[in-house]
Amino acid sequence: MTVYAPSHTETELDVFEFTSEELVIAEEAKRSSVVCIIPAYNEADSIESVLEGLLAQTRLPDAVHVVINNSSDNSFELARAYAGEYSVERGGEVQSTAIYVHDMGKVADKKVGALNYGFRLAQGADFLLGVDGDTVMAPDALELLEAEISSDPRIGGISAIYTVDNHTRNPVASLLLTGQRAQFAAFNLQNLLRGRNMAVLGGQSSIFRMSALHEVMRQYHQDTPWVSDSEVEDSLLSLQIKNLGYSTKISATARAVVGGMDNIRALDGQQVKWNYGAIDLMWPGQRGDTSGQPFHPNLRLRWLENIGMLINIFTRVSFIALLAGSLSIDAFVFSPIWLIPPVVAMALNVRIAMSIKGRTWRDVLFAATMIPAEIYMWVRIGHFVRAWTKFLSKVRTDNWAAQARAERGAGWAHLTPLIVAAAGIAALIYGWSTLPIIAQASILWVGWPMLAVLTALQTLFMLRQLMRRQYGYRA
């Protein structure tokens with residue numbers, strides 16, 4: 001392992017005040033210590049911006065440890081240029097920090113191993129700030145996170161509000177990045193409006209109470225806070241922190257910008273891993289060292305997301321199938337009432353887009369024209385089906401490795417939903433064509449009313465979300 005570290009000294013200052021009657025030793029207010037850990041895997045495109053963002057903080061972290069792992073690019077060389085001590089004046093006060101850069105080489109536990117190595121380096125600190133190697137924090141983010149977690153000892157960790165960077169002229173990349181912005185905005189709003197209780201203290205930008213991490217290790221008999229039992233190590237740790245009686249929160253004000261996935265292959269690898277890991281935690285029963293916790297309060301939103309996706313799949317597939325079947329026998333009669341659900345969905349998407357702090361015209365256009373949002377929904381459906389199929393098949397695969405291959409541009413698993421969809425459409429067309437006309441009419445006679453009832457319920461749910469107060473929160 002290679003480590004670049006600056007030298008540093010520590011000074012101690014005693015302050016005395018004198019009065020005419022007595023000598024009073026003024027107790028200096030203890031300043032909390034925050035150590036930042038940045039696990040970095042092939043982050044050459046962003047690591048410099050991440051470090052610049054940390055050095056621009058109104059409250060500097062006391063130390064920053066960049067932990068390079070499994071990288072094949074020049075992330076280490078770029079980060080090494082920042083190693084050293086820094087002193088800056090913020091608000092009339094001189095603040096100091098030091099950046100250390102560590103190259104772990106090949107690590108079997110990948111990001112989990114890098115996080116745990118960083119945790120060992122942070123011993124003695126009050127708080128640990130975890131920042132991904134593609135996340136740039138707003139200048140006041142750390143100051144706000146520290147103030148929030150220091151204000152209540154019951155808080156075990158707080159996640160910043162994060163959004164996806166979308167500075168690209170590639171139309172496909174722009175569609176995917178804008179879709180991710182909308183997806184994360186909806187997720188953040190859900191958490192903000194649920195008492196700011198955060199289901200997942202994501203690795204993008206979260207601050208943890210070190211005492212809570214140590215308690216997790218004691219109570220769960222772990223050598224480290226993060227374990228590789230789950231595909232989503234941050235979700236599992238969040239559940240454990242919550243189980244110990246701490247709260248897991250999303251900040252009301254601290255913000256960060258993360259790098260998104262700008263191609264279908266990479267997005268598929270990331271989203272399938274996330275969905276698979278969430279299912280693994282939700283599903284009852286014991287699988288290896290991971291025990292499912294279907295009734296955990298942090299997983300309620302996950303259940304709602306999965307149920308919502310199932311309804312979205314059913315209504316969309318049913319509508320296309322019934323519409324095609326009706327047209328094939330000249331039985332389709334247009335009714336304007338079918339325009340209500342898409343109009344309500346579009347209005348809800350626009351409201352979410354308008355809630356994004358720093359929204360762009362792309363965010364609003366994505367929501368208002370509805371077609372881009374619908375395309376992205378079908379992309380998400382593909383990820384959802386792939387994740388559930390992998391989980392139910394009980395074939396254990398390394399989804400971390402699969403995501404890494406996808407981000408390198410390797411693999412064709414992202415095309416599986418298209419192949420399956422094409423085969424399914426062909427089978428439906430063949431099966432429909434072999435039915436007698438009376439059977440076809442009977443299916444349409446039953447199918448349309450069922451779809452109408454489910455769509456009406458779905459529309460009412462969207463209307464409830466549309467009319468819900470947002471209390472000034474911005475995603």
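**Helix packing and salt bridges in a predicted model**

The model is predicted, so local features need pLDDT of at least 70 and side-chain atom pairs count only at pLDDT 80 or more, while totals for chains, interfaces and linings use all residues. Residues are numbered from 1 along each chain as its sequence is written, and side-chain values use heavy atoms, with hydrogens and water left out.

**The packing of α9 and α15**

- Helix α9 covers residues 300–328 and helix α15 residues 437–467, and the two pack at an angle of about 145° with their axes 10 Å apart.
- Helices here are DSSP runs of H or I with at least four residues, strands are runs of E with at least two, and both are numbered from the N terminus.
- The axes are lines fitted to C-alpha atoms, for helices over the stretch in contact, and angles run from 0 to 180 degrees between N-to-C directions.
- Among the residues in contact (heavy atoms within 4.5 Å) are I311, F314, F319 and L322 of α9, which face a set in α15 that includes I443, W448, L451 and L454.
- By class, this contact has ten nonpolar, eight polar and no charged residues, where Ala, Val, Leu, Ile, Met, Phe, Trp, Tyr, Cys and Pro count as nonpolar, Asp, Glu, Lys and Arg as charged, and the others, Gly among them, as polar.

**Salt bridges**

- The structure holds ten salt bridges, each being a side-chain nitrogen of Lys or Arg within 4 Å of a carboxyl oxygen of Asp or Glu.
- E148 pairs with R196, their closest N and O atoms being 2.5 Å apart; because E148 lies in helix α4 (residues 141–150) and R196 in the loop between α5 (171–192) and β11 (205–209), the pair ties together parts that are 48 residues apart in sequence.
- D268 and R386 form a salt bridge at 2.4 Å, N to O, and this pair links helix α8 (residues 264–282) with helix α12 (residues 371–392), 118 residues apart.
- R154 and D152 also meet in a salt bridge, at 2.9 Å from N to O.
- R31, R59, D62 and E146 are linked in a network of salt bridges.

**Burial of the paired residues**

- Buried means under 20% relative accessible area, exposed over 50%, and partly exposed in between, with a 1.4 Å probe and protein chains only.
- D268 is buried at 4%, and R386 is buried at 13%.
- E148 is buried at 14%.
- D152 counts as buried at 17%, whereas R154 is exposed at 59%.
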